[in-house]
Amino acid sequence: MPAADSKGKNEMKKTGEKYIAAIEAAAIFAIMAAMYYLNRFWFENNDDIIISGLLSGSLAGTEQWRIYQYDHVILSFLMSVLYRAIPAVPWYGSLLVLLHFLAGFLPLNAINSMVRDKKMYLITFPVWCSLFAAFWHLHSRIQYTSTAEMAALVGFVCFCFYENRKKAVGAFLFFEIFAFLLRPNAMELMAPVGLTVLLLRFGRDKESGRRFKTLFSGAAICVLIVLIGTLITKVEYADREYREADAENTARMQMFDYAGCPEYEEVEDILSEYDISKEKYYAFRHYLILDWDNSEGVLAKIADRSASNVIKPFIAGEILLGIGKLTLKNSFTFLPFLIALSWILAIIAVFLYKRFEGFMILLFYLAMKCVSWGYVVYNGRMPSRVVTPLIYAECVVVLSVFLWIVLTSNRSEVKALTFVRPGAVLVSVCATVLLSGLCMKEQYRSLSAERNTEILINEAYGQLKDYCNNDRDHIYILPSESYTYLRRSVFETDKQDNNFIFTGGWYSLLPDALRHVDEYLSQDKGCFFLMPESTQDFVKEIKLGYLEEYFGTEPELTDSLVLATGENYSVYRVRQ
């Protein structure tokens with residue numbers, strides 16, 4: 001009988017866990033469904049549009065799986081295979097949306113696995129779900145860098161809170177591996193912050209030997225993922241052609257994203273050594289890249305010279321000031337208040353439960369924040385797709401301390417909080433929900449306003465595509481400006497048989513991309529170049545001058561068209 005009773009209780013427990021998991025999944029699904037209904041899931045910038053275009057083969061002629069360090073070769077290879085098998089399915093965008101859903105569901109499931117008093121669900125559900133919804137922009141304007149940062153973070157949360165060790169390690173491995181595959185640098189950036197959450201798991205284990213085993217196993221998993229992933233990358237890029245392309249692209253990033261592109265006169269000695277004209281260099285600076293020899297290593301030499309002119313904040317005070325500005329001044333007004341509320345709740349929990357080790361963990365987080373955030377400030381590149389996940393991380397880490405204290409305190413202390421002082425819980429939960437609602441409302445309004453513009457830009461891009469695709473007797477070159485501000489649904493894919501190429505982008509130095517441009521332009525057809533009339537005069541001269549040098553004929557204005565955005569485009573014949 002006792003054995004039968006025990007078996008029955010275990011089955012009831014498993015059934016209850018399944019019901020709770022279903023409710024958790026439904027809650028996160030409902031939030032994401034609201035995001036999709038109100039704002040849709042769109043890419044945050046054109047980087048992901050380019051990545052999906054490379055994976056699907058619409059940008060470089062064939063499905064690409066070696067696309068520098070943007071996506072790891074393992075993920076890129078799998079995605080390219082799927083696109084080749086069923087090209088109509090938006091595999092890349094769907095994967096990112098799935099990761100966002102799991103990043104909401106699995107941590108909540110992990111947190112609730114520690115609940116012993118059902119009344120605690122009145123804390124865990126509202127706090128986590130409202131925090132997830134508060135970062136409306138992060139989840140509805142999806143970007144691979146921010147997704148990788150988020151995945152890396154929630155992996156640590158799952159590792160900390162799951163009672164079942166297998167589930168803890170499994171979820172941790174899943175998120176950390178996908179974070180690394182999506183963007184290795186982003187996963188590594190979030191690792192110091194994640195170590196704070198790892199300390200919570202360290203504090204849960206009673207035996208000192210198991211504590212250190214848990215701590216070091218988590219750190220070892222991260223190190224192994226990075227080492228193995230890096231080794232695979234080295235092997236896949238061992239081919240000389242791609243190794244040279246990767247080196248040149250690294251130099252290009254240094255020039256375009258950090259140090260800036262020097263004037264022709266500053267690097268004339270380097271360029272003249274390789275017979276690169278002023279027109280070709282300035283055209284490259286404006287992403288008009290129809291041919292480039294990666295083997296010469298020109299960009300690496302230019303980048304070395306431009307990097308020497310960059311002044312970075314070496315003084316600790318400057319870096320700390322930069323971190324403070326990022327925390328308090330960001331794209332949205334209410335997020336700093338949400339950070340402040342998270343800290344207030346954690347500190348209140350420390351005093352109410354007399355769990356003063358929580359202070360040590362919070363102090364450790366501040367030190368780790370200086371590492372991750374300081375790295376971003378030091379490098380001087382702080383786009384919202386990098387900063388917003390760091391803000392999300394602060395809220396998640398600090399509220400994790402709050403939940404950890406509440407859920408790991410003994411039963412008498414829990415009763416003291418939930419019955420003797422119900423006002424403390426009620427105020428805490430209500431404040432979190434209310435402030436998260438204000439964050440959500442602000443971001444929803446901002447995205448709704450942006451979406452009207454984004455729809456017009458997409459319509460204009462469609463007009464350019466139709467203009468080129470409807471004339472198969474000629475070939476066309478579209479400027480990089482045509483997709484600079486392009487945003488579109490994560491569930492859209494571009495087709496492979498477009499009758500145009502782009503002048504260039506960060507992907508242009510890929511060997512297959514250069515070959516695709518060469519093969520396309522080698523067709524025995526008249527060639528036209530489209531350019532916005534709003535382009536500055538000196539840029540027009542640069543681009544038209546380079547095209548004359550490349551094709552050997554003077555560009556001739558033959559047509560113009562007006563797009564949905566009101567932008568006028570000039571059509572130049574660059575080859576008869």
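Biologist: Which hand does the crossing of H4 and H7 have?
Modeller: The crossing of H4 and H7 is left-handed, and please keep in mind that what we are looking at is a predicted model.

Biologist: At what angle do they pack, and how far apart are the axes?
Modeller: Helix H4, which covers residues 91–112, packs against H7 at an angle of about 25°, and their axes are 9 Å apart. Because angles under 35 degrees count as roughly parallel, H4 is described as roughly parallel to H7.

Biologist: Which residues of H4 and H7 meet there?
Modeller: On the H4 side the residues are Tyr 92, Leu 96, Leu 99, His 100, Ala 103, Leu 106, Pro 107, Ala 110 and Ile 111, and they meet Tyr 144, Thr 147, Met 150, Val 154, Val 157, Cys 158 and Phe 161 in H7.

Biologist: And how many of those are nonpolar, polar or charged?
Modeller: The contact of H4 with H7 is made by 14 nonpolar residues and two polar ones, with no charged residue taking part.

Biologist: Staying in H7, is Thr 145 buried or exposed?
Modeller: Thr 145, which lies in helix H7 (residues 144–161), has a relative accessibility of 6%, so Thr 145 counts as buried.

Biologist: What is Thr 145 in contact with, leaving aside its neighbours in sequence?
Modeller: Once the residues within four places in sequence are set aside, Thr 145 is in contact with Arg 183, Ala 186, Arg 385 and Val 386.

Biologist: Switching to Tyr 550, where is that found?
Modeller: Tyr 550 is found in helix H23, which runs over residues 537–551.

Biologist: Why is Tyr 550 called partly exposed?
Modeller: Its relative accessible area is 28%, and since buried means under 20% and exposed means over 50%, Tyr 550 falls in between and is therefore partly exposed.

Biologist: Which residues does Tyr 550 touch?
Modeller: Not counting residues up to four places away in sequence, Tyr 550 touches Leu 290, Asp 291 and Leu 521. Asp 291 is 259 residues from Tyr 550 in sequence, while the two are 9.1 Å apart in space, C-alpha to C-alpha.

How values were computed: Residues numbered from 1 in each chain as written. Predicted model: local features only at pLDDT ≥ 70, side-chain atom pairs only at ≥ 80, totals over all residues. Heavy atoms only, no water. Helix = DSSP H or I, 4+ residues; strand = E, 2+ residues; numbered from the N terminus. Buried < 20%, exposed > 50% of the residue type's maximum accessible area, 1.4 Å probe, protein only. Contact = heavy atoms within 4.5 Å. Axes fitted to C-alpha atoms, helices over the stretch in contact; angles between N-to-C directions. Parallel < 35°, antiparallel > 145°, perpendicular 65-115°, else oblique. Left-handed = near helix turned anticlockwise from the far one by under 90°. Nonpolar A, V, L, I, M, F, W, Y, C, P; charged D, E, K, R; others polar.
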